[in-house]
Amino acid sequence: MATPARLHPAAARTPLLPNRQEGDEVSRWLQEEYPAIRARASEEKAELVWADQCGLRSDTAPPGRSWASAGQNPLVRVNGRRFKVNIMSAVASRGALWFTVFPGKFTAKVFCAFLDRLARQAGRKVHVIADRHPVHRSKAVRAWLAENTERVELRLMPGYSPELNPDELLNADLKRHIHAARTASADDLAHETRRFLRRRQKQPHIVCGYFAARHVPYTIQ
């Protein structure tokens with residue numbers, strides 16, 4: 001019988017990183033950059049939020065389980081049409097949730113409008129942490145931020161590090177409960193998505209739970 005291979009002790013202690021993720025950047029984020037952002041937000045009595053965007057497509061296989069009579073395969077009826085909606089959201093560790101649902105592409109105009117509404121609804125300055133999506137780094141967004149420095153500051157996370165963003169847990173929650181393939185139209189899908197997100201807004205304990213997931217407790221420690 002072949003002897004099972006053993007990991008070197010040093011290798012066993014080294015976390016596996018997603019492809020293309022830079023370990024040094026992640027370490028610097030965890031140990032230096034994020035603590036500084038959090039301290040600055042606290043000093044300014046600003047809202048600290050985590051933002052992300054995602055999409056729901058009708059041609060995605062519906063998740064979950066179904067049922068059928070004994071001896072028969074379960075079948076799930078889907079519409080067979082192709083449509084999608086996009087979602088931009090932000091969450092705070094106190095359990096707050098903001099979102100917008102839109103049918104078109106995610107653009108600088110959409111993002112800036114979301115940031116503007118986010119600041120108005122928060123009622124104070126907002127520090128927004130997001131990934132390095134091209135829209136977030138676009139010239140139009142940088143120009144808008146320069147004109148709104150007293151209201152919004154945008155901080156970008158290390159590249160290819162979605163596991164460090166608590167808002168990704170909201171995306172997973174959304175996709176687990178909204179079965180896009182079973183909706184009849186883009187309007188129907190948008191309606192179901194908004195209804196789910198409004199329900200989550202009234203369930204701050206669930207939003208707080210996103211910050212307790214495996215890779216993100218550092219956001220509240």
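Predicted model: local features only at pLDDT ≥ 70, side-chain atom pairs only at ≥ 80, totals over all residues.
Reader: How far apart are the end C-alpha atoms of helix α3?

Author: Helix α3 comprises residues 108-122. At 1.5 Å a residue, its 15 residues should span 21 Å. The model agrees with this expectation, because the end C-alpha atoms of α3 are apart by 21 Å.

Reader: Within what arc do the buried residues of α3 fall?

Author: The buried residues of α3 are A108, F111, C112, F114, L115, L118, A119 and A122. Seen down the axis, they line one face of the helix, because they fall within an arc of 160°.

Reader: Which exposed residues does the opposite face of α3 carry, and what covers the buried residues?

Author: The cover over the buried residues of α3 includes β1, β2, β3, β4 (126-130), α4 and β5 (152-156). The face turned away from the buried side carries exposed residues, namely K109, R120 and Q121.

Reader: Are helices α3 and α4 roughly parallel or roughly antiparallel?

Author: Two packed helices are described by the angle between their axes and the distance between the axes. The axes of α3 and α4 (residues 139-147) come within 9 Å and cross at roughly 25°. Angles under 35 degrees count as roughly parallel. The two helices are therefore roughly parallel.

Reader: Which residues of α4 meet α3, and is the crossing left-handed or right-handed?

Author: On the side of α3, the residues involved are A108, F111, C112, L115 and D116. Their counterparts in α4 are A140, V141, W144 and L145. The crossing of the two helices is right-handed.

Reader: Where is R151 found, and what is its relative accessible area?

Author: R151 lies in the loop between α4 and β5. Beyond its neighbours within four places in sequence, R151 is in contact with residues including D116, A119, R120 and W144. R151 and R120 are 31 residues apart in sequence, and their C-alpha atoms are 8.7 Å apart in space. R151 is partly exposed, because its relative accessible area is 25%.

Technical notes: Residues numbered from 1 in each chain as written. Heavy atoms only, no water. Axes fitted to C-alpha atoms, helices over the stretch in contact; angles between N-to-C directions. Helix = DSSP H or I, 4+ residues; strand = E, 2+ residues; numbered from the N terminus. Parallel < 35°, antiparallel > 145°, perpendicular 65-115°, else oblique. Left-handed = near helix turned anticlockwise from the far one by under 90°. Contact = heavy atoms within 4.5 Å. Expected span 1.5 Å × (residues − 1). Buried < 20%, exposed > 50% of the residue type's maximum accessible area, 1.4 Å probe, protein only. Arc of directions from axis to C-beta.
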